[in-house]
Amino acid sequence: MKLDFHTHGKLAKQLPFSTQYTDWLFGEAKLAGLDALCLTEHFNTLQFADLYGYLLGKSRREGDSLALDNGLKIFPGMETDIAEGGHILSLGKAEDILELNRRLEPYKTKGSFLPFDRLMDLFDEYPLLVGGAHPFREGGHIPELSAEQLKRLHFLDLNGKDVAEDMEKATRLTSELGKQLNIPVIAGSDTHQAVQYGCIYTEFEEEINTVDDLYDRMQKGSFEIHVAGQAAFQVKTAGLLKRALKEIHALGGDYVRVLTGAKQ
């Protein structure tokens, strides 16, 4: 099972949710060869609940995952900022993710983000799989947390954007921290649009439907991380496309129609 651990369902946090755009994303993910993805949408994105409501309405349950008609499985999740600087990924049942997102409502603006320990205490109330997103990205401070704090994480994210910038450095630093903490390192693209799918992914030996089974295979090391030879090109192209589409929207255009060729 080819799984991308870190993806988004919208082009940008402050843009309105588009069912057409999200459908296009999920279709392209399958075409890129993925069997499953973790939808780790930003916790403070506009219309977070609408995105998940739409997904729940068009999928069927397979364990904790949400299966689409094209065969793609989606593990519900969220990406949350912490006061210290950095992002935390959480995976679980859709209802738990939605409830957590509502409980985090007072903490969604910069300056009010929860500190790591308080966020983890909140997460501990739910059966979640929790990881450190792109721990060595500039501006983040996850590696500066104490070892005691970091051991509350279940995994670390070897991130496509960081691998594209400096593969050796990102792999070495993330792997070393994972070994120090004795937690697995997995891979996610961090894409907000389809060009980036497949630049990096985690492949498991068998199909997985629950978060518990996912964690079991991660702990056993029953997976391989794959990095595409053109990963740097994919990430660069994805960044250019994202900026262009946001500019189209800012100028009053329909970026979804431009991208997909959909008729008005």
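The legends below describe close-up views of a predicted model. Local features need pLDDT of at least 70 and side-chain atom pairs count only at pLDDT 80 or more, while totals for chains, interfaces and linings use all residues. Residues are numbered from 1 along each chain as its sequence is written, and side-chain values use heavy atoms, with hydrogens and water left out.

**View 1. Helix α1 and the elements around it.** Helices (H or I, at least four residues) and strands (E, at least two) are DSSP runs, numbered from the N terminus. Helix α1 covers residues 19–31, and its end C-alpha atoms are 18 Å apart. The expected span of a helix is 1.5 Å times one less than its number of residues; for the 13 residues of α1 this should give 18 Å, which agrees. Tyr21, Thr22, Trp24, Leu25, Phe26 and Ala29 of α1 are buried, where buried means under 20% relative accessible area, exposed over 50% and partly exposed in between (1.4 Å probe, protein chains only). The buried residues of α1 pack against β2 (36–42), α2 (48–57), β5 (73–81) and α10 (255–260); contact means heavy atoms within 4.5 Å. Gly33, with a positive phi near 100°, follows α1.

**View 2. The crossing of α2 and α3.** The axes of α2 and helix α3 (residues 94–103) come within 10 Å and cross at roughly 165°. That makes α2 roughly antiparallel to α3. Axes are lines fitted to C-alpha atoms, for helices over the stretch in contact, and angles run from 0 to 180 degrees between N-to-C directions. Angles under 35 degrees count as roughly parallel, over 145 as roughly antiparallel, 65 to 115 as roughly perpendicular and the rest as oblique. The crossing of α2 past α3 is left-handed, meaning that the near helix is turned anticlockwise from the far one by less than a right angle; clockwise would be right-handed. On the α2 side Phe48, Ala49, Tyr52 and Leu56 take part, and they meet Ala94, Ile97, Leu98 and Asn101 of α3.

**View 3. Surroundings of Ile97.** Ile97 sits in helix α3 and counts as buried because its relative accessibility is 0%. Leaving aside neighbours within four places in sequence, Ile97 is in contact with Phe48, Tyr52, Pro76, Gly77, Met78, Ser90, Leu91, Gly92 and Leu128. Tyr255, 158 residues away from Ile97 in sequence, is 29 Å away in space, C-alpha to C-alpha.

**View 4. His87 and His134.** His87 is in strand β6 (residues 87–91) and, at 18% relative accessibility, counts as buried. Beyond its neighbours within four places in sequence, His87 is in contact with His42, Glu79, Thr80, Asp81, Gly131, Gly132, Ala133, His134 and Ile142. His134 lies in the loop between β7 (129–133) and α5 and is buried, with a relative accessible area of 9%. Although His134 is not a glycine, its phi is positive, near 25°. Most residues other than glycine have a negative phi.

**View 5. Asp190 in its loop.** Asp190 is in the loop between β9 (185–188) and β10. Its phi is positive, about 70°, although Asp190 is not a glycine. Asp190 counts as buried at 3% relative accessibility.

View 6. The structure holds eight aromatic pairs. Among them, Phe204 and Phe223 form a tilted pair, 5.7 Å centre to centre with 50° between the planes. The pair ties together parts 19 residues apart in sequence, because Phe204 lies in strand β10 (residues 200–204) and Phe223 in strand β11 (residues 223–227). Rings of Phe, Tyr and Trp (its six-membered ring) pair if their centres lie within 6.5 Å; planes under 30 degrees apart count as stacked, over 60 as edge-to-face and the rest as tilted. Both Phe204 and Phe223 are buried.

**View 7. Gln149 in α5.** Helix α5 (residues 147–150) contains Gln149, which counts as buried at 16% relative accessibility. Apart from neighbours within four places in sequence, Gln149 is in contact with Phe116 and Asp117.
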